[in-house]
Amino acid sequence: MENTFTDLSHINVRGGDGGAGCMSFRREAFVPKGGPDGGDGGRGGSVIVEADPQLSSLIDYRYKHHFRAERGTHGQGARRHGRDGADLVLRVPVGTVVRELDPATQTPAYDIADLTLPGERVVVAPGGAGGRGNIHFVTSVRRAPAFAEKGEPAQEHWIELEMKLMADAALVGMPSVGKSSIIARISAARPKIADYPFTTLVPNLGVARAASGQSFVVADVPGLIEGASEGRGLGHQFLRHIERTALILHVVDVTGGYEGRDVEDDYRTINDELAAYAAELASRPQIVVANKCDLPGTEEATERLRALAEADGRPFFAVSAATGAGLDALVSSCAAEVAHLRAAAAQSGPAVDLSERWERERERRDRQIRVRREERHAWRVSGTQVERMVVQTDWENDEAVAYLQHRFDRCGLDDALAKAGAVNGDEVRILEMSFTYEGGAEADDFDELPDDELVEAPGTPDGED
């Protein structure tokens, strides 16, 4: 049967386009000067990723990779606003990390969000803003504005969804050391068990309960090999699931397995791989478990492993997954340690829903203005907010173009250009449009900057008149 566990997916997301604002004037009998009455366009729907505790895999995104939200409708006369597009909610397991992918290399560029709480959500593709109708552009000197804004086209991009298991404890070790047998003994999980290496190809979760009534979630992580931290075998795919666990149960086969491995080498190899993958894992609380101690001739290896664990200050348990010997004591110790770690985490403060923080981070990135010199007197300006202003402008309408210059000044673009070294008469390029920069210093006031000089400015929210 095909494996239906998926813990890494790349998907393409796009919000809905915004509807266009309406340029309209009230025309009614006995109302000779009705004034502007164009309604706003509706905002496009957003694509939202939400953590759902009922899901355990990213299988929904294995075969479908493109997701689109609904577009907004156009505004109309008589101040009738367009309808907003419906949001599209993509549900993912709790513990999913959402990352932006570089459009050229398709490699992770930065983290968008880390969804560790049920119901936590983040907007990954905001809908395009609806264009404002001409009722918004009335001023004391502009009584009859004959322009409106176009709707903003939504941006399309690729993101990465990476699921990391949310477990209290993780069973780690070399292949065929008996991790699956242990989790089958101490919980209701029923992983595939066989007498050959790499029987377990996907992580398994189970709930273990101690005699005291305390319970904890334990994960059976597929076997690691030397070089796993560098990606050998399926190292990266497996190691990611250990990052969130509070406690590591390091299982060692004291028989040496089919290969006759040495317990000391196995113990050090796994610890070295954990530390190489993430330095913090080296200091993670760890319990050392010597498995298959019921077999004859294992006493000497068990004692050598015990000495290593005690030298590192780690608890040690000798168990047999086959007979169940020693497992009750192991589960009781794990439950007590997990309870202690939970209490320590609770003292650090209550869990906070970070959805609003992710949204503020996205808005801050949208306002960012980047200015780069492309030629001696030509500058390339990029940034979501300033590009939105350009695409929403009706370039056939002189009033709309004049209003755009006013918006540039309000959002901080002129200041960013001046800081970068732009001078009067320089060409400013935004998307496919170009403008002449005015109001700066004269050309003789500045030395040349290198062609690759990049200036970033935080930008400011674009206020309305």
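## The annotated binding site

The unreviewed UniProt entry puts a "binding site" annotation on Ser180 and Thr200; its positions follow the numbering used here, feature names are shortened, and such annotations may be inferred rather than shown by experiment. Bear in mind that this is a predicted model, where local features need pLDDT of at least 70, side-chain atom pairs count only at pLDDT 80 or more, and totals for chains, interfaces and linings use all residues. Residues are numbered from 1 along each chain as its sequence is written, and side-chain values use heavy atoms, with hydrogens and water left out.

Serine 180 sits in helix H1, residues 179-186 (helices, H or I with at least four residues, and strands, E with at least two, are DSSP runs numbered from the N terminus). With 10% relative accessibility, serine 180 is buried (buried is under 20% relative accessible area, exposed is over 50%, and partly exposed is in between, using a 1.4 Å probe and protein chains only).

## The six-stranded sheet

Six strands make an open sheet with mixed pairing, in the order S10-S11-S9-S12-S13-S14 (strands pair if DSSP finds at least two bridges between them). S10 (204-209) and S14 (316-318) are the edge strands; each has a single partner strand, so one side of each has no neighbour in the sheet. From one strand to the next, the twist averages 25 degrees.

S10 pairs antiparallel with S11 (residues 215-220) over six bridges, and valine 207 has valine 217 in S11 as its bridge partner. Helix H3 (residues 263-277) lies across S9 (169-172), S12 (247-253) and S13 (286-291), at about 150 degrees to S12 (axes are lines fitted to C-alpha atoms, for helices over the stretch in contact, and angles run from 0 to 180 degrees between N-to-C directions).

## Strand S8 and its partners

What about S8 (residues 156-163)? Six of its eight residues are buried, so the strand is largely enclosed by the rest of the structure. S1 (residues 8-14) runs antiparallel to S8, joined by seven bridges, with serine 9 opposite leucine 161. S5 (residues 96-101) is also antiparallel to S8, with five bridges; valine 97 has glutamate 162 as its bridge partner there.

## A helix pair

H7 (residues 384-391) and H8 (residues 398-411) pack at about 170 degrees, their axes 10 Å apart. Gln385, Val386, Met389 and Val390 in H7 meet Leu404, Arg407, Phe408 and Cys411 in H8 (contact means heavy atoms within 4.5 Å).
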